[in-house]
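Here are my notes on this model, as promised. Have the structure open while you go through them.

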Amino acid sequence: MKLNAILVEDEKISRDILSNYLAKYCPNINLIAQAENIQQGLELIQTNNLDVVFLDVEMPYGNAFDLLDKVENKTFETIFVTAYNNYAVDALNAHASYYLMKPIEIDELIKAVDYVTDIKTKENALQEQILVPKINTVQGKITIPLQDGFEVIETKDIMFCKADDNYTEIYLNTNKKKLVSKTLKYFDEALQESGFARIHKSYLVNVNEITKYVKGKGGSVVLSNGKELSVSASRKANLLAYFK
């Protein structure tokens, strides 16, 4: 699996060496940005969805632990990179996934990345195990994944779902929208017993929210909030079956 990562290191030579090693020996690491100080690192952490942070310990105006103390909701794994071995205990206390010594040995780097990859793979598997039972056994509710867990929402509160590549936009009757890293097909299967109709390759609609059908080759439906959505010709019969 691909892991989004950043590198926080004040020495350019060290940044170049590690980024080159990652590109050559750890192809599943997507190094999206680099920072040369704590403030830049914090900004990257706050503005990106990260799986792992490669973090130098000693930097100007603070150290790695000062940076981690400022992160309120830490959902990424940390790989410390340092020339000093006296930080091992502090690293453990900061829940580091791995502790790499400079100069970096390629085998150790690969081992560190494999270790983090295994953690993230198991987290994703656990998330799937959480999601499926919640959909199938809790009446009238569905779970949607969040970065730090999952959220339970009432199916009756969903107006419609819209496909967005491998994501789905969920529109609620509270005028809120949620972007979920699941395909529309996933929600189609999950909600098929809850009064939801697939009316288009891009739309899954809560039938209870439909107030009007407009005729046409496929036609369109108007929802209770006034939103009008197209119905594809191939899915028209499926929709109208709900109203016979």
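The points below cover a sheet, the helix against it and some aromatic contacts.

1. First, a reminder that this is a predicted model. The part I looked at is an open sheet of five strands, paired antiparallel in the order E12-E11-E10-E14-E13. E12 (177–180) and E13 (196–200) are the edge strands; each has a single partner strand, so one side of each lacks a neighbour in the sheet. On average, neighbouring strands are turned by 20 degrees against each other, direction ignored.

2. E13 pairs with E14 (residues 203–206) in the antiparallel sense, over four bridges. His-200 has Tyr-203 in E14 as its bridge partner.

3. What packs on the sheet? Helix H6 (residues 184–191) does, touching E10, E11, E12, E13 and E14. The direction of H6 makes about 30 degrees with that of E14.

4. Now the rings: the structure has six aromatic pairs. One of them is Phe-160 with Tyr-171, stacked at 4.4 Å centre to centre with 10 degrees between the planes. Phe-160 sits in E10 and Tyr-171 in E11, so this pair ties together parts 11 residues apart in sequence. Phe-160 is buried at 4% relative accessibility, while Tyr-171 is partly exposed at 22%. Ring pairs also link Phe-160, Tyr-171 and Tyr-203 into a cluster.

5. Tyr-186 and Phe-187 make an edge-to-face pair, 5.2 Å centre to centre and 90 degrees between the planes. Tyr-186 is buried with a relative accessible area of 18%, and Phe-187 is buried with 0%. The charged end of Lys-182 sits over the Tyr-186 ring, 4.9 Å from its centre.

Methods. Residues numbered from 1 in each chain as written. Predicted model: local features only at pLDDT ≥ 70, side-chain atom pairs only at ≥ 80, totals over all residues. Heavy atoms only, no water. Pairing = 2+ DSSP bridges. Helix = DSSP H or I, 4+ residues; strand = E, 2+ residues; numbered from the N terminus. Axes fitted to C-alpha atoms, helices over the stretch in contact; angles between N-to-C directions. Contact = heavy atoms within 4.5 Å. Phe/Tyr/Trp six-rings, centres within 6.5 Å; stacked < 30°, edge-to-face > 60°. Buried < 20%, exposed > 50% of the residue type's maximum accessible area, 1.4 Å probe, protein only. Lys NZ or Arg CZ within 6 Å of the ring centre and 35° of its normal.
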